[in-house]
Amino acid sequence: MLDRLLYRAKQFWFAMSARMNEENRSFVHQYLNIKEAALFFSLPDYEQKHGVVVAKRMMREAADMKTIDKRKLVRLGLLHDIGKTAIRLTILSKSLLVIIHRAIPPLYELFAKLGKDEKSRKFFRRFYVHKHHGAIGADILKKINEQSDIINEVLSHDRPCTSHDMYMRLLDKVDSTY
Ligand SMILES: [Fe+2]
Ligand SMILES: [Fe+2]
């Protein structure tokens, strides 16, 4: 149990401290248009890095899958957490949120509920945005006239995994390990 927890903490810390580099930035520009890239680069650095790592891993996972549109897959990897642009999360507040999510799920749910209103206290709003970042991301993408298939995939990020198509299943697999 303690081993597992330590492993998780290490993995989490590694993910949080990862930084974007020039190669990562040009990778993003290869796949996203100007409006999408502007949104992407407004994410905190550690979330940008997460998007790049996820997108690259998805591409690797799908290397032999003939029916998968690789460009769409990478774009989904980059844009899947774009809803997190709705509120600024420092590494410390994200850590607290993740710990509560894992250790006391009912409290996480309660806090998320209390943050539903846009004007609610920032503390609670963070939980709401974290819980619903798929739907929030889909709304943000609609505003920049994103393709409907990407909007629908991002929206389904909050929905049960059983409803996911192949693109989202690839995302689920990679997203949970990084
Ligand atoms: Fe996510
Ligand atoms: Fe993610």
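A: Leu79 has 26 C-beta neighbours inside 10 Å, so Leu79 counts as buried; the cut-offs are 20 or more other C-beta atoms within 10 Å for buried, 12 or fewer for exposed, and partly exposed in between, with C-beta atoms placed from the backbone. This is a predicted model, in which local features need pLDDT of at least 70 and side-chain atom pairs count only at pLDDT 80 or more, while totals for chains, interfaces and linings use all residues. Residues are numbered from 1 along each chain as its sequence is written, and chains are lettered from A and ligands numbered from 1 in the order in which they are written.

Leu79 belongs to helix α5; helices (H or I, at least four residues) and strands (E, at least two) are DSSP runs numbered from the N terminus. Leaving aside residues up to four places away in sequence, Leu79 touches Glu36, Leu141, Ile150 and Val154, where contact means C-beta atoms, placed from the backbone, within 7 Å. The C-alpha atoms of Leu79 and Gly51 are separated by 7.1 Å, although these residues are 28 apart along the chain.

An α-helix has 3.6 residues a turn, so residues three or four places apart point the same way.

The loop between α9 and α10 holds Asn145. With 9 C-beta neighbours inside 10 Å, Asn145 counts as exposed. The phi of Asn145 is near 55 degrees, a positive value in a residue other than glycine. Most residues other than glycine have a negative phi.

Helix α1 (residues 2-17) is hardly covered: the count of buried residues among its 16 residues is zero.

As for the whole chain, its secondary structure comes to eleven helices and zero strands. Buried residues make up 30% of the 178 residues. Of the contacts between residues at least 6 apart in sequence, 63% join residues at least 24 apart. The C-alpha atoms fill a box of roughly 45 × 40 × 35 Å along the principal axes.

Key. Two residues are in contact if their C-beta atoms, placed from the backbone, lie within 7 Å.
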